Amino acid sequence: MDLHHLHDRLRAQKLTQAASGEIYTAFSKAAVTYDETCQLLTVCPESQAGVFYIALGLFHKDIEVRKSVVDLLERISEHEAGRHWWKGLSRFEKLAYIRIKREIEADAQSKGEGGAGTQSKRSPFEGLRES
């Protein structure tokens, strides 16, 4: 898979929702191991906005695409070199990441409890203090 070409398409072309969704999903499936994540990070140099264009997938129309981007960004944030790219994300992108991740966790919890659980109210800024 040509990650550089796909990243350039995200960066330079106006894509349909379906086309951009396929690219975000492909990135998520392609960068699973440590080495694959390193390869993805090499096509996202910090001098060219880093993972900004990947993080734009957090605002995609399709929830499944947003979930795959959250998974990918989580792997990047846990990656030894990826932490540097993670720190380059804006507060707005990190808030979107945290919001979607909480939605995923709430869905999983409600499915596990049969929808009978109550959720506690938390500040949307709570997760940003860690990063």
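How many helices and strands are there in the protein? Seven helices and zero strands. Helices here are DSSP runs of H or I with at least four residues, strands are E runs of at least two, and both are numbered from the N terminus.

This is a predicted model, where local features need pLDDT of at least 70, side-chain atom pairs count only at pLDDT 80 or more, and totals for chains, interfaces and linings use all residues. Residues are numbered from 1 along each chain as its sequence is written, and side-chain values use heavy atoms, leaving out hydrogens and water.

**Colour by confidence.** pLDDT is the predictor's confidence in each residue, from 0 to 100. The protein's mean is 83, and 85% of its residues reach 70 or more. Select α2: among the elements, its mean pLDDT is the highest, at 92. Helix α6 (residues 82-87) has the lowest, 83.

**Select residues 17-30 and 63-78.** These are helices α2 and α5. They pack at an angle of about 35°, with axes 9 Å apart. Axes are lines fitted to C-alpha atoms over the stretch in contact, and angles run from 0 to 180 degrees between N-to-C directions.

**Show the side chains.** In α2, G21, Y24, T25, F27 and S28 meet residues of α5, including V65, L72 and R75. Contact means heavy atoms within 4.5 Å.

**Now pick two cysteines.** Is C44 buried or exposed? C44 counts as buried because its relative accessibility is 0%. C38, at 25%, counts as partly exposed. Buried means under 20% relative accessible area, exposed over 50%, and partly exposed in between (1.4 Å probe, protein chains only). Buried residues make up 37% of the 131 residues.
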